[in-house]
Amino acid sequence: MPLPPAPKSRAARLTSSAASAPAKKTASPKTRSTEDKASAATTAAAQGLAQLRAQAATAPVAAPAAKTTVAAAPAATKRTSAAPKAASKTAATAPAAVPKTAAPVQAAVAAPKRSKRSKRCLFVLDTNVLLHDPTCLFRFQEHDIFLPMVVLEELDSHKRGSTEVARNGRQVSRTLDALVEAQKDTDLAAGLKLDATGNKGVTGQMFFQTVPLHYTLPLSLPQGKADNQILGVVQALREQEKQGREVILVSKDINMRVKARALGLSAEDYHNDKVLDDDDLLYTGALALPADFWRKAKDVQSWQEGNSSFYSLRGPMTAQLLINQFVYFEAPGEPSLYARVVELRGETAVLEVLRDYGSAKHNVWGVNARNREQNFALNLLMDPEVDFVTMTGQAGTGKTLLTLAAGLAQVLDSRRYSEIIMTRATVSVGEDIGFLPGTEEEKMGPWMGALDDNLEFLAKGSGGNGHEWGRSATNDLIRSRIKIKSLNFMRGRTFLNKFVIIDEAQNLTPKQMKTLITRAGPGTKIVCMGNLAQIDTPYLTEGSSGLTYVVDRFKGWQHGGHIQLARGERSRLADFASEVL
């Protein structure tokens with residue numbers, strides 16, 4: 001943002017104050033000529049001082065020059081001491097005016113830069129922000145909101161239909177109507193309080209565009225386009241702002257923000273839906289213990305309950321542990337430890353030693369863990385006390401295979417769940433092939449190629465003859481316990497005693513993820529898996545994906561767990577391609 005022309009305004013104030021100093025006595029013509037010379041000298045000195053202070057405001061190293069000029073100003077006054085008293089009084093006012101402005105200038109130079117949100121802001125919302133998050137009106141805390149008339153017009157055109165965008169548009173319209181109804185006697189031009197409908201954490205106001213705003217945009221921007229009209233509103237609001245607020249455009253459209261910045265306007269993305277700014281900070285679910293862990297651990301106790309072994313200990317590492325987080329200790333020449341945090345009591349942590357699913361006697365439906373992270377994942381998938389599991393990882397790490405194996409083992413063998421329900425977001429990688437014929441399950445068939453591939457592998461028993469019955473009978477048995485459902489028909493359903501698999505969850509929004517997870521009834525387990533590097537939805541990023549959202553919100557919950565699979569096991573070709581492409 002360009003700095004305001006403060007030096008010119010200071011010079012104008014100094015010049016006007018020096019020139020407008022009234023003379024208390026009427027001077028003779030000679031006195032007036034002498035007075036004019038003194039006044040001119042004083043004005044010149046004041047203007048020079050103002051210019052030097054302007055340089056000091058932009059370059060702090062020039063500050064000592066201002067002090068020299070301040071000392072030189074009275075010298076110019078002493079040269080006119082032969083003038084009458086009126087002239088001397090007039091000249092004497094110049095040095096008196098210098099100290100009044102000198103202190104603020106030095107303070108402005110030394111003052112630290114204010115933070116971006118240190119003052120109240122006026123946010124102009126684009127239509128796509130309202131359609132993306134219908135509750136965004138209450139996400140700006142103490143700041144004010146402005147809705148241009150063209151935004152309301154676009155909102156009205158998007159409210160028809162049964163899509164997610166149309167539902168969000170209708171919800172925003174209902175919210176605006178509720179705010180207006182709650183403040184019937186309030187003038188819309190004066191602003192509506194955003195906390196009028198019960199949102200007490202919001203102290204700002206919302207303003208509608210009630211009068212035409214005059215603005216001037218470059219001729220290269222078509223005046224009839226809605227985006228350009230919103231840019232014009234931002235420009236007009238910035239020019240007529242009288243309360244010292246910073247006018248900022250909030251838009252999900254990248255090109256809109258670029259055009260705003262090209263015009264010298266402040267523009268930002270909508271950040272409230274972003275869980276993390278950097279996906280590298282996402283919770284991984286596992287933590288490596290340092291080499292001196294056992295030496296620093298205090299009050300170490302161990303015991304066994306049934307087939308499980310437990311450790312209780314205190315130490316500096318316990319402060320950063322979470323419930324159901326995996327910890328592992330690997331050091332040359334020392335026994336390894338692979339455990340999960342099952343209890344935290346102050347500074348004391350209780351660790352449960354994991355079952356080794358890498359051994360042949362602990363295989364799950366003919367599948368064994370091939371690395372450390374896969375063993376962590378199977379411990380979560382096979383634990384009946386863990387109701388919600390999330391898994392992330394690159395292509396080929398075994399997310400779908402491990403989940404299907406665990407689901408089939410608990411549906412067909414242990415009968416813990418009645419059936420497997422599998423769904424995914426129907427987002428195309430390339431061009432859409434159009435409408436598909438058939439029933440709901442037949443329409444979802446092309447999207448479930450990963451399911452068919454993994455079922456073919458599981459039916460053969462890890463590529464060999466793990467199952468003795470015929471292949472056809474096995475496929476029929478498996479298919480009878482797996483139901484494929486579409487996301488479009490999930491609202492209002494309740495799943496009882498089901499093993500629900502949500503594949504490609506990185507393409508879901510946080511709201512869609514909430515809709516799916518809240519379908520779980522008693523005895524149901526939900527598994528969400530996806531690759532954050534393969535997001536195909538146009539308006540989602542790694543930071544705003546629904547998968548990132550649930551991983552961050554569910555970490556530390558005693559009935560939920562997460563693990564990030566690190567190494568690809570599909571093939572050496574797929575593993576190498578994931579790294580270099």
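Guide: Strand S13 (residues 388-393) runs parallel to strand S17 (residues 525-530), and five bridges join them. Two strands pair if DSSP finds at least two bridges between them. Strands (E, at least two residues) and helices (H or I, at least four residues) are DSSP runs, numbered from the N terminus. This is a predicted model, in which local features need pLDDT of at least 70 and side-chain atom pairs count only at pLDDT 80 or more, while totals for chains, interfaces and linings use all residues. Residues are numbered from 1 along each chain as its sequence is written, and side-chain values use heavy atoms, with hydrogens and water left out.

Visitor: Which residue of S17 is the bridge partner of Thr-390?

Guide: The partner of Thr-390 in S17 is Cys-528. Thr-390 also has a bridge partner in S18, namely His-562. S13 and strand S18 (residues 560-565) pair in the parallel sense over six bridges.

Visitor: And how many residues of S13 are buried?

Guide: Six of its six residues are buried, and the strand is described as mostly covered. Buried means under 20% relative accessible area, exposed means over 50%, and partly exposed lies in between (1.4 Å probe, protein chains only). Phe-388, Thr-390 and Thr-392 point one way from S13, whereas Val-389, Met-391 and Gly-393 point the other way.

Visitor: What is the order of the strands in the open sheet?

Guide: The order of the six strands is S15-S14-S16-S17-S13-S18, with parallel pairing. Strand S15 (482-484) and S18 are the edge strands, each pairing on one side only. From one strand to the next, the twist averages 15°. Angles run from 0 to 180 degrees between N-to-C directions, and axes are lines fitted to C-alpha atoms, for helices over the stretch in contact. Within this sheet, strand S16 (residues 498-503) and S17 pair in the parallel sense over four bridges, and Val-500 has Ile-526 of S17 as its bridge partner.

Visitor: Which strands does H12 touch?

Guide: H12 packs on the sheet and touches S13, strand S14 (419-424), S15, S16, S17 and S18. Its direction makes about 170° with that of S16. Contact means heavy atoms within 4.5 Å. Helix H11 lies across S13, S17 and S18, and runs at about 155° to S18.

Visitor: At what angle do H11 and H12 cross?

Guide: The axes of helix H11 (residues 372-381) and helix H12 (residues 399-413) cross at roughly 35° and come within 10 Å. The contact is made by Gln-374, Ala-377, Leu-378 and Leu-381 of H11, together with Leu-402, Thr-403, Ala-406 and Gln-410 of H12.

Visitor: Is Thr-400 buried or exposed?

Guide: Thr-400 counts as buried because its relative accessibility is 13%. This residue lies in helix H12. Leaving aside neighbours within four places in sequence, Thr-400 is in contact with Met-422, Asn-454, Asp-503 and Met-529.

Visitor: Changing topic, what about H8: how many of its residues are buried?

Guide: In H8, 11 of its 15 residues are buried. Among them are Ala-226, Ile-230, Leu-231 and Val-234. The buried residues of H8 pack against strand S1 (121-125), strand S2 (144-147), helix H6 (149-157), strand S5 (246-250) and helix H9 (254-262).

Visitor: And where is Gly-204?

Guide: Gly-204 is in the loop between S3 and S4. At 2% relative accessibility, Gly-204 counts as buried. Beyond its neighbours within four places in sequence, the contacts of Gly-204 include Arg-120, His-143, Asp-144 and Leu-192.

Visitor: How do S3 and S4 run?

Guide: Strand S3 (residues 192-193) and S4 run antiparallel, joined by two bridges. Leu-192 has Met-206 in S4 as its bridge partner. By contrast, S2 and strand S4 (residues 205-208) pair in the parallel sense over three bridges, and Leu-147 stands opposite Phe-208.

Visitor: Finally, how many helices and strands does the chain have?

Guide: The chain has 18 helices and 18 strands. Of its 581 residues, 43% count as buried.
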